[in-house]
Amino acid sequence: MTETTISAVKIVVLGPQRRPTLDSVVRNLDLDDGPVAVVTAGWQEREPDDAELDALVGGRGVNLSLHARWQDVLVKDPEYAAAELEHRAALRELQELYLVQIDGTLRALREVGRYGGSRAEIREAARADTEAAVRLVDERHLARVREARAEFEARWHPGERLAAAGHRAEVRQVLDAAAALVVAGGHVGVLLHVLRLFAVGAAPAVIAWSAGAMALTERVLLFHDRAPHGPAHAEFLDSGLGWIRGCVLLPHARRRLRTDDTARMAELAGRAAPARCVVLDDGLRLDLGEGGALPPGVRTIGPDGRIGDAA
């Protein structure tokens, strides 16, 4: 989707939908007549379990069934399925090696932060250099993921293959008639893959939350300080679709992050810069500006690691 197309789209980002606000948002937007295209592919095998979501959009929902379409492509095109399996294995290896790299650079950054010394200017210069090294590891990883995807697509042309082309046409037909597109959460990697595979474009209004909103940003960051096995390093997974600009979205941030640890939060904000780390609280609604830009007053993690309203 081009920047010109994005500028004509109303994009609304919601907080987690444990207590749904989607129904009131749909009513408030005063949508045109027509179906509401729904993406629940992030739910994977539970993709069809959308009765509650359909009720929230007034019974107008048409599930694009992207996960089921993807599985159908893999069954009908075994040559492509084998190639995709190998591609996903290569991406996993990239991610694993990136985690080794980011572990070392983040440990160095924290050691520099703990270093005493009597010369603040020397310590701050070392810290700036180490922060730059961390950002370089993040940036190079994302670049390599993009390169791997581009090489795969150039060789296999997934969307042009017979098994996928028909599904693409059907998805496009639904979206051409849709008053809105709703993208739910779930597995963000699966969401990104099927949104790209079936060339999902925007409707006049787009409503998304959790992983669904993350997939629409420029960079997808995975994070969890409260996992059962203990805190894990935040890791960039992939570039997103780029419909939402200038931010890294953090759904469930107060449940998943140690937001009271300002040093850790400052580290996260530094890695995301110049994008802003946006905290998606329950009940939140963000009506984005032209071209997917963030509105003023968004709750973000500042350079000092504290959560506050961004200017």
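Two notes before I start. Residues are numbered from 1 along each chain as its sequence is written, and side-chain values use heavy atoms, with hydrogens and water left out. The model is predicted, so local features need pLDDT of at least 70, side-chain atom pairs count only at pLDDT 80 or more, and totals for chains, interfaces and linings use all residues.

Let's take the domains. Domain 1 covers 10-46 + 56-74 + 164-310, and domain 2 covers 90-156. Those bounds come from an automatic or database domain assignment. The C-alpha centres of the two domains lie 25 Å apart. Their contact takes 12 residues from domain 1 and 16 residues from domain 2. Contact here means heavy atoms within 4.5 Å.

How much area do domain 1 and domain 2 bury between them? About 1400 Å², with 50% of it on carbon and sulfur atoms. Buried area is the accessible area (1.4 Å probe) that two parts lose on being put together, summed over both. On the domain 1 side, His233, Glu267 and Arg271 lose the most area to domain 2. Together they make up 40% of what that side buries.

Charges also cross this contact. Three salt bridges are counted between domain 1 and domain 2. A salt bridge is a side-chain nitrogen of Lys or Arg within 4 Å of a carboxyl oxygen of Asp or Glu. Glutamate 267 comes up again here: its side chain meets that of arginine 110 in a salt bridge, at 2.7 Å from N to O.

Now the sheets. Helices (H or I, at least four residues) and strands (E, at least two) are DSSP runs, numbered from the N terminus. Two strands pair if DSSP finds at least two bridges between them.

Valine 13 has alanine 208 in E5 as its bridge partner.

Another open sheet has four strands, ordered E8-E9-E11-E12, again with mixed pairing. Its edge strands are E8 (247-251) and E12 (307-309), and each pairs on one side only. Neighbouring strands are turned by 40° against each other on average, direction ignored. Strand E11 (residues 299-301) pairs with E12 in the antiparallel sense, over three bridges. Threonine 300 stands opposite glycine 308 in E12.

Next, strand E7. Strand E6 (residues 219-224) pairs with E7 in the antiparallel sense, over five bridges. Histidine 224 has alanine 232 in E7 as its bridge partner. Is E7 mostly buried or exposed? Six of its eight residues are buried. Buried means under 20% relative accessible area, exposed over 50%, and partly exposed in between (1.4 Å probe, protein chains only).

E7 brings us back to charges. The whole structure has 17 salt bridges. In one of them, the side chains of arginine 196 and aspartate 238 meet at 3.2 Å, N to O. Arginine 196 sits in helix H8 (residues 188-197) and aspartate 238 in strand E7 (residues 232-239), so the pair links parts of the chain 42 residues apart. Aspartate 238 counts as buried, at 10% relative accessibility.

Compare another pair. Aspartate 281 forms a salt bridge with arginine 254, their closest N and O atoms being 2.8 Å apart. Arginine 254 is partly exposed, at 40% relative accessible area.

Last stop: leucine 66. This residue is found in helix H4 (residues 66-76). Leucine 66 counts as buried, at 0% relative accessibility. Alanine 41 is 25 residues away in sequence, yet 5.6 Å away in space, C-alpha to C-alpha. Leaving aside neighbours within four places in sequence, the contacts of leucine 66 include Val39, Ala41, Val171 and Phe198.

Terms used: Axes are lines fitted to C-alpha atoms, for helices over the stretch in contact, and angles run from 0 to 180 degrees between N-to-C directions.
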